[in-house]
Amino acid sequence: MSADNAMPAERSLRSPKSGSPSAPIVALAGFWKRLWDLFKLIIASRTAMVGLGIVVFWVLVAIFAPAVTHYGPMDQDYKNINKPPSAEHIFGTDNLGRDVWSRAAYGARTILFLAPLSVMVAFVLGIALGLPAGYYLGASDEVIMRILDSLMAFPTILLYMIIISALGPSMINVVVAIAIGGAPGIARLVRALTMDIRTREYVSAAKLRGDSDFHIMVREILPNCRGPLIVDFLMRIGYAAFYIGTLGFLGLGLPPPTPDWGGMVQEGHSHMTVTVWPVLIATVAIVSLVIGLNLFADGLREESMRYQ
Amino acid sequence: MDQSPILAIKNLAVTYRTRERDVNAVRDVSFEIHRGENLGLVGESGCGKSTVAHSIVNFLGPNGRVTGGDILFKGQQLRDRPEEELRKLRGADIAMVYQEPMSALNPSMRIQEQMSESSIAHRGLSQKQAYAESLEALKKVNMPDPEAVMQRFPHQLSGGQQQRVLIGMAMLNNPSLLIMDEPTTALDVTVEAAVLDLIAELQERYQTASLYISHNLGVVARVSHQVAVMYAGEIVERAPTRTIYSNPMHPYTMGLMRCLPDVDAPKGTRTLHPIPGRVPSPTNLPPGCIFAPRCVMAIPECSLQRPQLTEVTPGHQVRCIRVLEWKDAKLAWAAEESAKEDSPDRGPLPDENVLSVQNAKVYYPVPFKTVAGLFGFEKRSYVRASDDVSFSVKRGHTLGVVGESGCGKSTIAKAIVGLEPLHEGKVDFLNVDISKPLGKRGIDSIREMQMVFQDPNGVLNPSYSVGDQIAFSLRRFRTVPSNQVHAEVERLLRAVKLDESYYNRLPRQLSGGEKQRVGIARAISTNPALVVCDEPVSALDVSVQAAVLNLLLEIQNTNQTTMILISHDLSSVRFFSDEVAVMYLGRVVEIGQCEAIYSPPNHPYTAALLAAVPRPDPDLPPSKVRLSGRVPSAVNPPSGCRFHTRCPFKIGDICEQQEPPERDMGDGHKIYCHLPPEQLYEIKP
């Protein structure tokens, strides 16, 4: 809203005495600068680079799935069932003669769509609950947090199973389950950050401007929570991917024949005496993605805290 | 006496590695400290003072290292010594005292354990011996009731006591060298004065060589024999203390002195002379003399070559090419500056009250600690942060509110602007009753009363550009039509002496002083009738303090703005105030015209505050009026006169039993004390 790019001419009349750069910084340039700073931050951390590399690999595979595979994920080849890797099927085929690599590649699409989506929903919920709790404190805080505590008392996977058993396995319900399971933790984090930031003087200044509480929470407090929230977001995508896999394995994920890493393990594990390839590839896929996201988040956090 | 120095630093260079490049934070620093001698290291923040201290004991952190020069301790090279050997030296032969006593002490250990630890580790004493020695050390630092203190945890001690413990701890193993890094900066003035007395006394008695780091020339004058002034990683002047105060030669030293408000000069009699600009980053040093861009007396030759540290008179070294041109530096400086114009006069003021506070009480409920209390079976107790405070402020005037921390100054300010609810009492603002929470006040009274905050890092939202934050206010109150907001923000930035290019900067790109200016611009954006300034300069460097104070004064003079200045610094209050209220433990103990407050008759508490102000004059004898102890708890304030527990002039039981009477000394000057008026005249700071 403030990106008035029309610069008054006298901007450049900065006294050369002060020693700081005299070039005018426009809001847009500020944005690119921030992006560039973030990029430098990632480059500087080897951990973050490795993590980012793994994540980018899977993202590219997911986007270009038709290009990197020769078969559709549902194409069955009854002549080649439970085959080990070969020239035609680089990671072999499963019990229905489907290409393992194709299913893994298209499975990446599923997980890389579902995991961020469900975490995003969880964040919307968590922020909506944690922000007012931390800002108002008192009775509303007690009520909100005790309800969330009781949710957190359930073991995560059990909570997911209850929710999905009740709602039935489908893509939307997986998102709902993961959002509900993740919201309490996010709400706690947001609440803690809010409790700290609400005492800052710029919040007092906003109050002295007569700003509404909603304005203060959304405009003054929330933007300053973003650092820890971004790291948490990345970590949670990793966990979500992991849980989506687990749900798939338990038969509570996406209904077959949708390509899904958890489902691949589930279908493949009964044929493991014949071929391990479907299970192996799906497991490696899940693990590498989770580790990649965690490394990226960890590296980002460490690097941003160094030199403080 | 032994002639070889305890510590000799020669051409020290320290480099920090950062993501982008190496930063040469300290360059070519040399000095010596002999036995029994104290060297004061002075300069603004970011000048590398602490880096020098840390390099001596190799505390530079993972990314810092000494890249040149020698550090000779008792003739031995300390540089590149293995960590193991240094560890044996630290705490034993070289001891350090830090700025934040609270974080220097381990909160989970009793004082006794912490103190014994170092003598057990370094000298292998038995528990018993160590205890005895620790007790002895506490006695050395004049700790009242040392046996009891030994059993306490750090949070049970006041800031002054904690710092005493740390000094006692540092002295335990009889170090040859004591390094003190801003040991009194985090303390109240009254406590600071007592700690400085102690340091001077210990120095006299034990002849320890010490390095004293401070940004405050007034403090250094009290304790140091030699002063070295650092600027941007280099020493620019070094001389015996008397010489440097009587005849400063480097323009930077003079600048540091001339920006200090004088506690003895009334409002309007002098303007402060801030040092323009800021300390350059070590990655971006100007060519030639590093101080030249900020120097009032710079000539073109200054930026051609880097001046060397030259000896002017024996023991007095200055890094300035013009140093030989002037015989009396102070005169030369004054001539240079007299050419500048004075700030506008504020003109005749209407005689009307903008704000009047009557019997204001601000209480905070104490959380219940028992189950019975939780269910309402116990009487609620309150922190009486501000108890029965009354005062009024006239249009265009400044009311200064002074007192130690914990006296309720900030609380009353917050209650006035509406950030804290008023428990009882009445606040009238522009003839409107505003004794209600912010949400219920009209938008007009909100607009007419704004606040300037203390912490420059908290004052601006890090997520928005400077211009946006000022624009928020303008849009909210529709001060100007929306198509003129941008122009108005730029006008406000100019009004606080920042140029328009700051519009799009983010707060983290600004220095502390610049952030505070933006905070001021935001506060005056609605052209309010009253601005409440809560310690606006106490977190800033001295050189920047002057500029901000000048700015506030100029704003007051041009807009006839009424101001309330909350501060613990009596010098800046005197510079800026017309009336002053002295607060102690939630009560006003003395109120009156500024001039009346700064001269007898005084309340004993005011006298003690005045006595504690550090003055940049090494020849001034230390005052006799010193406060002991700490401000008592505001949950159960002392009966009668609240000051009786610490009052050096207590007359007897009457002080403990009865509320002090109001003594009217004429012209609105009121003192609340049991002492008869003629005796109040006797109290001299």
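Let me start at B:Lys497, which sits in the loop between helix 17 (485-495) and helix 18 (512-524) of chain B. Helices here are DSSP runs of H or I with at least four residues, strands are E runs of at least two, and both are numbered from the N terminus. B:Lys497 is not a glycine, yet its phi is positive, about 65 degrees. It is partly exposed, with 17 other C-beta atoms within 10 Å. The cut-offs: buried means 20 or more other C-beta atoms within 10 Å of the residue's own, exposed means 12 or fewer, and partly exposed lies in between, with C-beta atoms placed from the backbone.

A word on the source. This is a predicted model, where local features need pLDDT of at least 70, side-chain atom pairs count only at pLDDT 80 or more, and totals for chains, interfaces and linings use all residues. Residues are numbered from 1 along each chain as its sequence is written, while chains are lettered from A and ligands numbered from 1 in the order in which they are written.

Back to backbone details. B:Leu585 also has a positive phi, about 50 degrees, and is not a glycine. Its loop runs between strand 21 (579-584) and strand 22 (587-593) of chain B. B:Leu585 counts as buried, because it has 25 C-beta neighbours inside 10 Å. Then there is a cis peptide bond, from B:Pro600 to B:Pro601, with omega near 0 degrees. B:Pro601 lies in the loop between helix 21 (594-597) and helix 22 (604-612) of chain B.

Next, B:Ser386. This residue is in strand 14 (residues 382-394) of chain B. Leaving out residues up to four places away in sequence, B:Ser386 touches several residues, among them B:Ala360, B:Val362, B:Thr411 and B:Gly586. Contact means C-beta atoms, placed from the backbone, within 7 Å.

Now chain B as a whole. It has 24 helices and 24 strands. Its radius of gyration is 26 Å, close to the 26 Å from the globule rule for 685 residues, so chain B is as compact as a globular protein of that length. That radius is taken over C-alpha atoms, and the rule is 2.2 Å times the number of residues to the power 0.38. The C-alpha trace spans about 70 × 65 × 50 Å along its principal axes. Buried residues are 51% of the 685.

Domains. The assignment for chain B gives domain 1 (7-237), domain 2 (245-338) and domain 3 (603-682). Such bounds come from an automatic or database domain assignment. The C-alpha centres of domains 2 and 3 of chain B are 40 Å apart. Their contact takes 4 residues from domain 2 and 5 residues from domain 3.

Over to chain A. What does its secondary structure consist of? Chain A has 12 helices and 0 strands. Of its 308 residues, 40% are buried. Among contacts in chain A between residues at least 6 apart in sequence, 68% join residues at least 24 apart.

Last, one helix pair. The axes of helix 10 (residues 226-249) and helix 11 (residues 261-269) of chain A come within 6 Å and cross at roughly 35 degrees. Axes are lines fitted to C-alpha atoms, for helices over the stretch in contact, with angles from 0 to 180 degrees between N-to-C directions. Residues making this contact include A:Ile244 and A:Phe249 of helix 10, and A:Trp261 and A:Val265 of helix 11.

Definitions and conventions: Contact = placed C-beta atoms within 7 Å.
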